[in-house]
Amino acid sequence: MNKVSARDIPAVDKILSSPALRCLTERLGQEQTVHLIRKAVNELRASVLEGAIEEDPFDPFQWVVDRVVSLESHRSSSRLQKVINATGVILHTNLGRAPLAKSAIEAMTAASGYSNVEIDLHSGKRSQRGADAIKLLKQLTGAEDAVIVNNCAAATVLVLQALAGGKEVVISRGQLIEIGGGFRLPEVFSTAGVFLKEVGTTNKTYLRDYEQATHELTGAILRVHRSNFHLSGFVAEPTIEELSNHPAFEAFPVIDDLGSGLVTDLSAHGIQEPTVQQSVQSGADVSLFSGDKLFGGPQCGIIVGKPKWLKLIKKHPMMRALRCDKTTLAGVAATAEIHLAGRAFTELPIFQTLSISSEKMLKRCEQWVASLPETIRSRTEILRTNSRIGGGSLPHVELSSWAIAVNADSTDQVAHKLRSGKPSVVGRQADDQLLLDLRTVAEEDLQVLADCLVQALS
Ligand SMILES: *Cc1c(COP(=O)(O)O)cnc(C)c1O
């Protein structure tokens, strides 16, 4: 075997001028390409010194070129890209929660250049940022005013700080939750500069607990909707109505953190969840919810409520730090319009997805499996399963459904191949099985998904 020595390692310049890398250099620019070549050359040098090269004959030049291409492909796979969600989890936080409606995407694209985000085109004068989205949110929720910020976590911190900074905020022990990603309410309170005043017990909190805990140092009562866990059995807590209409609680706001933000009724689909409209009607002074959960829009936190309190929020210096981008405002407005027009079930992807019946899911699975080549079809079976809402919403709701189980010697390997394909596919792994849940796969992606599975299994 011819020994490869350090002298055989090609020069960076020579590799850079190789026709094989011309396309890559055009795309990445010289500097980034050189960076990748250096990395590959260093790897080769290390292998040569270790004597770890066993191919014979070995072409160092070709090795470096191939390695550069593979480094680049690895880099580009970590870029944000389209993923086919075959997990059946409708609001998958790691996959970006709510997919947007077509009209929302169009509105966001239209607003992405110069746009009238803070100008009234009629008078030519400066206007309130996001005035259109705010107007639609008022109409939709029945609230007198609205504010839009970065996300619901930001909304929580902002509202507490602006309305109760330096004071006590009363909250039931049954509602002291961790939202996810380590966002825990007691820590949120200290971040917002308010003092936590816990009342009641984990399972039962009464109106009199709130009465006993409130005094002149009370800055607010916070009610947090248990959106990511479920408490049942011997439980009680006062309603928002009882808290909001209590004469002793006039001096400070009653804040309702709804989290998932349902604005279009889903009870026909077995989903009983308090709506934002109910919260507003019950007299909550301020109600908060996420834009990208059951509202079905872009990531943001929506605050609606009484002008007296929202005025303080809008004037707070943190507002400037937490406000959202023009494209988000456009997406919120377009999504609110869909709900207002009663078109959620036909235009919002999450509503379309969660309303597919079990029978329809079975049919979809059967048709899809039938479309697979015989060799692949024989490695699949259709199984009963449950799809979930996810995203910290409706933990007790399971949508009875059907999914495709893929049989393979190594499910990990197939799952990895699917994830690293183009487009990437993320399925659900359970009990040594890989499940593909078609509920969350868009109709137009079904054929692509079939091609991806064929690729991954061959
Ligand atoms: C999800 C959730 C939040 C956080 O919302 P983000 O938009 O993710 O910041 C806050 N409160 C409740 C009750 C939630 O469910």
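Buried means under 20% relative accessible area, exposed means over 50%, and partly exposed lies in between, computed with a 1.4 Å probe on protein chains only. The model is predicted, so local features need pLDDT of at least 70 and side-chain atom pairs count only at pLDDT 80 or more, whereas totals for chains, interfaces and linings use all residues. Residues are numbered from 1 along each chain as its sequence is written, and side-chain values use heavy atoms, with hydrogens and water left out.

**Exercise 1. Arg97**

Task: State which residue forms a salt bridge with Arg97, and where the two partners lie.

Solution.
Step 1. A salt bridge is a side-chain nitrogen of Lys or Arg within 4 Å of a carboxyl oxygen of Asp or Glu. By this rule, the count is 19 salt bridges.
Step 2. Arg97 pairs with Asp292, and the closest N and O atoms are 3.0 Å apart.
Step 3. Helices (H or I, at least four residues) and strands (E, at least two) are DSSP runs, numbered from the N terminus. Arg97 is in the loop between strand 1 (83-85) and helix 5 (102-111), while Asp292 is in the loop between strand 7 (286-290) and strand 8 (301-305); the pair links distant parts of the chain, 195 residues apart.
Step 4. Arg97 is partly exposed because its relative accessibility is 22%, whereas Asp292, at 8%, is buried.
Step 5. Arg97 also has a positive phi of about 50°, although it is not a glycine.

**Exercise 2. Two further salt bridges**

Task: Determine whether the partners in the pairs Glu443 with Arg364 and Asp437 with Arg428 are buried or exposed.

Solution.
Step 1. The closest N and O atoms of Glu443 and Arg364 are 3.6 Å apart in their salt bridge.
Step 2. Glu443 lies in the loop between strand 13 (433-436) and helix 20 (446-457), and Arg364 lies in helix 17 (residues 358-370), so the pair ties together parts 79 residues apart in sequence.
Step 3. Glu443 is exposed, with a relative accessible area of 57%, but Arg364 is buried at 14%.
Step 4. Asp437 and Arg428 form a salt bridge at 3.3 Å, N to O, and both residues are buried.

**Exercise 3. Helix 19 and helix 20**

Task: Describe how helix 19 and helix 20 pack.

Solution.
Step 1. Axes are lines fitted to C-alpha atoms, for helices over the stretch in contact, and angles run from 0 to 180 degrees between N-to-C directions. Helix 19 (residues 411-419) and helix 20 pack at about 130°, with axes 9 Å apart.
Step 2. Angles under 35 degrees count as roughly parallel, over 145 as roughly antiparallel, 65 to 115 as roughly perpendicular and the rest as oblique. The two helices are therefore oblique to each other.
Step 3. Contact means heavy atoms within 4.5 Å. Val414, Lys417 and Leu418 in helix 19 meet Cys452, Leu453, Ala456 and Leu457 in helix 20.

**Exercise 4. Backbone features**

Task: State which peptide bond is cis, and where Asp431, which has a positive phi, is found.

Solution.
Step 1. Most residues other than glycine have a negative phi, and most peptide bonds are trans.
Step 2. The bond from Lys422 to Pro423 is cis, with omega near -5°. Pro423 is in the loop between helix 19 and strand 11 (424-426).
Step 3. Asp431, which is not a glycine, has a positive phi of about 45°. Asp431 is in the loop between strand 12 (428-430) and strand 13, and is exposed at 76% relative accessibility.
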